Amino acid sequence: MTPVRAGCIQGSVLGLILFCIYTNELDKIVFPHRVTAYADDAYIVVSADNPVQLKVETESTIINHFNWLTSIGMICNLAKTELVKIGVGELSVNINSLTVNSTQQMKSLGMIIDCNLTWSTHVEAQISKCRSYLNALRYLRKHLDLKDTIKIFQSYIVSILTYGSPVWSHRINYKTRERLKSIYYHTLMVLVRDFNFTLNRVGLLKATLMEDINIILTKRVSMFLVKILKNLTPTTLAGILISKSYENERNLGQLTFFDCSNCKISKSAISNAAKTIVEKWRFDWVYLSIHEFKIRLKAQFQTKI
């Protein structure tokens with residue numbers, strides 16, 4: 001046995017939790033900017049009113065982060081630091097005589113974040129991954145019945161195509177959405193072995209008992225939103241959401257979300273997507289359990305669509 005005087009063994013059960021506790025002060029170090037972190041993955045969001053101020057704020061924030069890590073006995077590899085500037089233009093910062101240039105995209109937890117938040121690159125990558133599985137599905141379909149193959153389809157293909165969809169489904173353009181639907185229905189065609197194109201999309205859905213990809217995306221976003229409402233501690237945003245709910249209760253008995261049409265990139269799209277999604281929510285659904293909400297939502301899609 002060897003005593004561990006600093007750190008913890010890699011792969012241990014408490015390793016990640018202890019690391020999070022050890023680096024818990026990071027949000028204070030980069031304040032007023034936001035940080036999202038878990039274990040050794042940390043992403044800092046810096047905002048400013050103009051490019052000059054953005055460069056200054058970014059450099060000072062990274063330096064503060066770097067110095068703080070050094071002070072607690074950790075080493076930060078600046079050469080592996082990635083920088084993405086959301087919006088038009090590029091950004092270059094100088095950190096300890098090292099220049100870090102912004103890139104067009106970066107990968108985080110399996111999702112590709114591009115500089116314009118269009119998510120087209122991420123969706124295209126997921127589509128390509130699904131295409132690589134088509135031959136395997138064709139082989140499996142020869143030896144398994146349709147019911148068993150559908151389970152594999154739901155576990156792999158649908159999971160890949162909708163990975164992170166609560167974040168990007170409201171942002172992709174028409175062309176990307178059509179490509180997503182194309183690979184989805186093409187895979188269903190492989191499962192029912194309709195190589196002569198005798199079934200249309202409605203026929204494929206009936207033959208496989210599957211739902212349209214848009215319905216699947218909307219359901220996942222709905223579950224994501226209701227979980228936020230149930231788990232979010234009282235904040236300004238939560239207060240606005242609830243107040244808007246009560247304000248519109250007398251109208252159609254439906255929820256509406258805050259109006260942010262005058263806000264910057266992506267926020268208006270998020271607002272519009274939320275308003276579209278909650279058209280299928282009833283006001284009293286907010287107080288249901290997650291399980292009961294899921295049942296009500298599924299029934300609503302089956303009766304209305």
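A: Start with helix H8 (residues 174-192) and helix H9 (residues 201-208), which pack at an angle of about 50° with their axes 10 Å apart. Angles between 35 and 65 degrees are neither roughly parallel nor roughly perpendicular, so H8 counts as oblique to H9. The crossing of these two is left-handed. Keep in mind that you're looking at a predicted model.

Now for who touches whom. H8 brings Glu178, Lys181, Ser182, Tyr184, Tyr185, Leu188, Met189 and Val192 to H9, where they meet Arg201, Leu204, Leu205, Ala207 and Thr208. Sort the residues of that contact by class and you get 8 nonpolar, 2 polar and 3 charged.

H8 has another partner, helix H4 (residues 120-131): the axes of H4 and H8 come within 10 Å and cross at roughly 15°. That angle is under 35 degrees, which means H4 runs roughly parallel to H8. H4 also passes H8 in a left-handed crossing. Here the H8 residues are Thr176, Arg179, Leu180 and Ile183, and they meet Ser120, Val123, Glu124, Ile127, Cys130 and Arg131 of H4. This contact splits into 5 nonpolar, 2 polar and 3 charged residues.

Zooming out, these helices belong to a protein chain with 13 helices and 6 strands. Of its 305 residues, 36% count as buried. The chain exposes about 19,200 Å², with carbon and sulfur atoms supplying 57% of that area.

Conventions. Residues are numbered from 1 along each chain as its sequence is written. This is a predicted model: local features need pLDDT of at least 70, side-chain atom pairs count only at pLDDT 80 or more; totals for chains, interfaces and linings use all residues. Side-chain values use heavy atoms; hydrogens and water are left out. Axes are lines fitted to C-alpha atoms, for helices over the stretch in contact, and angles run from 0 to 180 degrees between N-to-C directions. Helices (H or I, at least four residues) and strands (E, at least two) are DSSP runs, numbered from the N terminus. Angles under 35 degrees count as roughly parallel, over 145 as roughly antiparallel, 65 to 115 as roughly perpendicular and the rest as oblique. A crossing is left-handed if the near helix is turned anticlockwise from the far one by less than a right angle, and right-handed if clockwise. Contact means heavy atoms within 4.5 Å. Ala, Val, Leu, Ile, Met, Phe, Trp, Tyr, Cys and Pro count as nonpolar, Asp, Glu, Lys and Arg as charged, and the others, Gly among them, as polar. Buried means under 20% relative accessible area, exposed over 50%, partly exposed in between (1.4 Å probe, protein chains only). Accessible areas come from the Shrake-Rupley method with a 1.4 Å probe; for residues, only the protein chains shown count as cover.
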